[in-house]
Amino acid sequence: MSAADQSLARLGTEFSAGRGGPEANGRLLHYKGKCLFFQKYYCNQKLKNTLGMCLEIRRYVMKLVSALGTLEAERKYESLLNCLSHPPAFTTVRVNTHLASVKQVKNLLFEEIHKQFKDFSVPVLQHPELQDILLIPVIGPRKDLQKQSSEVIVGAQCGNSVLRGAHVFVPGIISASKFMKAGDVVSVYSDIEGKCKRGAKEFLGTKVFIGNGISELSRSDIFSSSGSLKGIGVRMTDPVYRSPSLDNVLSSYLFLQNLPSAVVSHVLNPQPGERILDMCAAPGGKTTHLATLMHDQGEVIAMDKIANKVKKIKQNAALLQLNCIKAFCCDGTKALAIGKKEDGQEGPPFSAESFDRILLDVPCSGMGQRPNMAYFWTLKEVMSYQPLQRKLFSTAVKLLKPGGTLVYSTCTITLSENEEQVAWALETFPCLQLQSQEPHIGGEGMMGAGLSLNQLKLLQRFDPSSVTSRGMDINSLQDSREDDLILLANKDCIGFFIAKFIKLNSK
């Protein structure tokens, strides 16, 4: 058995043997620094629905063992699992500089946060290398919260949103205590295994405590209503991680966006007057960022194959008052026109070599998203992404003008969707050449895909395991230097990958 397999087997055995297993009270559980919920789903290979994740994590660990040695690989692996189960250390917002200056919005945001956090002061930091990005430290995990007898159970996706500052909206509520009334103080838990039945009055399964709040509705309002309710169901007053709630706050001036997602648009570096393609654009965060960096001059074509998502792109463009964006419902693999395109046809398919720059933020396994306390994908689902990504990439190369720039990105940590795709692209398309990235605030690429050390230096990988998640309280925040906080924000973010290519010729 390989060293990587031995590490995985040992970790899986520790979980299945019940040492430090999940407790009914649903605390954020750790054993020797590992999040047990991730350990269960990633390491226990008897769980059929997570075989795909086990395979990818196994390959990840094997590459780490090969590059770093067993002890260091195991440390990084444990750090990775721990980080993925917690939110990033900062809430990141992008300023819509098309409508206001960063200074103006920073002041308005600080005032809003002061209203929400009356008992202490949290700074708003401007990123020195990403001038349109503001950073708000996240306080937590808070260990002094008292659990209430009245409980609300929410779905895992809703729970992840709460950990990043959201209130609980009614559609996310699965269960509520029998006698819950509007105005009650309730404890909110995330059903990470998806086993709670809708409308249940009690849930004794595995659940993670994510904070306390005040119910806006009674149990009967939530589950007995003839219509579908949409508003806030629980207003979070004491979440485990304290982040500002930015729902409908300065909505034309701010856009919530993970730090690496904002880096991508700067790396593509669109210029006013150019024709840009965002191939997999929903919900439009990067699309609107590209248009803003171009000063709304030129043309940004945004595509997605799902109509409702295209509608969301258009809504965001209108909200931010950006006029150069044109959104179309189209499968990116079918975006290339065969033969001559009809005169006057504005949308896809598009003529070959008709775009100055292309952003390809591909569909992926999402194994870098944070927080995420459980995955339930099958092997077939996990393995489906690489061929789809290659189809999209091949189309993008054909649509790009000679001399044009193509940026490929994912929000996952897997080698197969990142460095292996770069190696494949360079072998398949001799016209492509890797380029250096600016800004480059992430780490280098990961060994194991056959790329040279110089090529790895040109890649940008945001690896959550590169920092030990220690949490932040108000005292440690006040004692921290701004430079140290910026450095932490660069590292303690979602897992992400960026590669930048230039097309040398059309052959």
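**Rings, cores and loops in a predicted model**

Asp463 lies in the loop between β19 (460-462) and α15 (474-479). Helices (H or I, at least four residues) and strands (E, at least two) are DSSP runs, numbered from the N terminus. The model is predicted, so local features need pLDDT of at least 70 and side-chain atom pairs count only at pLDDT 80 or more, while totals for chains, interfaces and linings use all residues. Residues are numbered from 1 along each chain as its sequence is written, and side-chain values use heavy atoms, with hydrogens and water left out.

Asp463 has a relative accessible area of 14% and is therefore buried. Buried means under 20% relative accessible area, exposed over 50%, and partly exposed in between (1.4 Å probe, protein chains only). The side chains of Asp463 and Ser465 are joined by a polar contact of 2.7 Å. Such a contact is a pair of N or O atoms within 3.5 Å; within protein, one must be able to donate a hydrogen and the other to accept it, and residues adjacent in sequence count only if both atoms are side-chain atoms.

Thr412 sits in the loop between β17 (400-410) and α13. Its relative accessible area is 1%, so Thr412 is buried. The side chain of Thr412 makes a polar contact of 2.8 Å with the side chain of Ser365. Not counting residues up to four places away in sequence, Thr412 touches Cys364, Ser365, Gly366, Met367, Gly368, Glu417, Asn418, Gly495, Phe496 and Phe497. Contact here means heavy atoms within 4.5 Å. Thr412 and Arg461 are 49 residues apart along the chain, and their C-alpha atoms are separated by 9.6 Å.

Aromatic rings were examined next. A search of the whole structure finds eight aromatic pairs. The rings of Tyr189 and Phe209 have centres 5.6 Å apart and planes at 55 degrees, so this pair is tilted. Rings of Phe, Tyr and Trp (its six-membered ring) pair if their centres lie within 6.5 Å; planes under 30 degrees apart count as stacked, over 60 as edge-to-face and the rest as tilted. Tyr189 is in strand β9 (residues 185-191) and Phe209 in strand β10 (residues 208-215), 20 residues apart. Both Tyr189 and Phe209 are buried. For Phe393 and Trp424, the ring centres are 5.8 Å apart and the planes meet at 75 degrees, so the pair is edge-to-face. Phe393 belongs to helix α12 (residues 385-399) and Trp424 to helix α13 (residues 419-428), so the pair ties together parts 31 residues apart in sequence. Phe393 and Trp424 are both buried. One aromatic cluster is formed by Phe393, Tyr408, Trp424, Phe429 and Phe501.

Charges also sit over rings. The charged end of Lys207 is over the ring of Tyr189, 4.9 Å from its centre. Arg275 lies over the face of Phe355, at 4.3 Å from the ring centre. The criterion is that NZ of Lys or CZ of Arg is within 6 Å of the ring centre and within 35 degrees of the ring normal.

The largest nonpolar core has 57 residues, of which Phe90, Leu109, Leu134 and Ile498 touch the most other members. Elements that give two or more residues to this core include β3 (90-95), α5 (102-116), α8 (259-268) and β20 (496-503). Helix α8 gives the most, with six residues. Another core lies apart from it, with 34 residues, among them Met303, Leu392, Val397 and Leu400. A nonpolar core is a set of buried Ala, Val, Leu, Ile, Met, Phe, Trp, Tyr and Cys residues joined through side-chain atoms within 4.5 Å. Of the residues of α8, 10 of the 10 are buried, so this helix is largely enclosed by the rest of the structure. Just after α8, Asn269 takes a positive phi of about 55 degrees.

An unreviewed UniProt entry lists residues for "binding site", including Cys280 and Ala282. UniProt positions are given in the numbering used here, feature names are shortened, and annotations may be inferred rather than shown by experiment. Cys280 is in the loop between β13 (275-278) and α9. Its relative accessible area is 15%, so Cys280 is buried. Ala282 lies in the loop between β13 and α9. Ala282 counts as partly exposed because its relative accessibility is 26%. Leaving aside neighbours within four places in sequence, Ala282 is in contact with Met303, Asp304, Lys309 and Ile313.
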